[in-house]
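Open the model in your viewer and keep the selection tool ready. Each stop below names what to pick next and what is there.

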Amino acid sequence: MKNGVLILLKKRFLEQVKRFISALYLIFMTDFLQELKEHGMSQSMSRVSRCINNGPMEGWQGLIKEMRVVLYPNVNSYEDMEEAFKATIEYYINYDPQERFNGKTTGQVRREAKDNPENIISYPIKQDKRYKNFWKKIDEKKNQLA
């Protein structure tokens with residue numbers, strides 16, 4: 001009898017905690033969304049740990065951060081950091097040859113495509129094993145449901 005009462009109390013307690021957390025989340029999100037709106041911003045639609053579509057951009061940002069540390073290690077203020085990132089992106093676009101572009105920079109590839117849109121050269125992206133495995137699992141789940 002004692003264990004049954006404790007189990008019931010624990011269940012009710014956890015239900016109330018969930019309701020409280022949901023209410024806090026709603027209040028926070030309402031304030032957060034209002035703050036974004038006031039600054040002319042919008043919320044990303046990606047969910048935590050489910051943003052495989054953000055992978056290429058996340059990877060590029062990580063690369064830029066690493067390059068910034070190497071090119072401009074002594075950053076002491078926000079303004080210095082802003083200038084360092086701008087200069088790093090400039091370096092990446094115009095001076096960093098890419099293996100996948102056969103030694104051309106991203107800026108060169110873009111200029112070639114803009115100058116001759118009828119004859120754009122294709123540079124295939126090497127498939128990442130993690131993405132292949134992710135989509136393989138999705139297909140397997142779809143097949144299980146069918």
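**Aromatic rings, a loop and a patch**

Start at Phe134: its relative accessible area is 33%, so it is partly exposed. Keep in mind that this is a predicted model.

Now look at the two rings together. The ring centres of Phe134 and Trp135 are 4.9 Å apart and the planes meet at 85°, so this pair is edge-to-face. The cut-off for that label is an angle over 60 degrees.

How many aromatic pairs are there by this rule? The count is four. For another of them, select Trp60 and Tyr92. This pair is also edge-to-face, at 6.0 Å centre to centre with 75° between the planes. Zoom out to see what the pair joins. Trp60 belongs to helix H2 (residues 55–71) and Tyr92 to helix H3, so the pair links parts of the chain that are distant, 32 residues apart.

Is Tyr92 buried or exposed? Tyr92 is buried, at 11% relative accessibility, because buried means under 20%. Trp60 has 26% and counts as partly exposed.

Thr106 sits in helix H4 (residues 106–115). Its relative accessible area is 18%, so Thr106 is buried. Which residues does Thr106 touch, leaving aside neighbours within four places in sequence? They are Tyr92, Ile93, Gln98 and Phe101.

Next, pick Asn102. Asn102 lies in the loop between helix H3 (78–95) and H4. Check its backbone: phi is near 55°, a positive value in a residue other than glycine. Asn102 has a relative accessible area of 65%, so it is exposed.

Now show Arg68 and Phe85. Arg68 lies over the face of the Phe85 ring, 5.8 Å from the ring centre.

Select Leu71, Tyr72, Tyr91 and Tyr95. Together these four residues make a nonpolar surface patch of about 380 Å². Within that selection, centre on Tyr91, which is found in helix H3. Tyr91 has 31% relative accessibility and counts as partly exposed.

Note on methods:
Residues are numbered from 1 along each chain as its sequence is written. This is a predicted model: local features need pLDDT of at least 70, side-chain atom pairs count only at pLDDT 80 or more; totals for chains, interfaces and linings use all residues. Side-chain values use heavy atoms; hydrogens and water are left out. Helices (H or I, at least four residues) and strands (E, at least two) are DSSP runs, numbered from the N terminus. Buried means under 20% relative accessible area, exposed over 50%, partly exposed in between (1.4 Å probe, protein chains only). Contact means heavy atoms within 4.5 Å. Rings of Phe, Tyr and Trp (its six-membered ring) pair if their centres lie within 6.5 Å; planes under 30 degrees apart count as stacked, over 60 as edge-to-face and the rest as tilted. A charge sits over a ring if NZ of Lys or CZ of Arg is within 6 Å of the ring centre and within 35 degrees of the ring normal. Patches are made of residues with over 30% relative accessible area and no salt bridge: like charges are joined within 9 Å, nonpolar side chains (Val, Leu, Ile, Met, Phe, Trp, Tyr) within 5 Å. Accessible areas come from the Shrake-Rupley method with a 1.4 Å probe; for residues, only the protein chains shown count as cover. A salt bridge is a side-chain nitrogen of Lys or Arg within 4 Å of a carboxyl oxygen of Asp or Glu.
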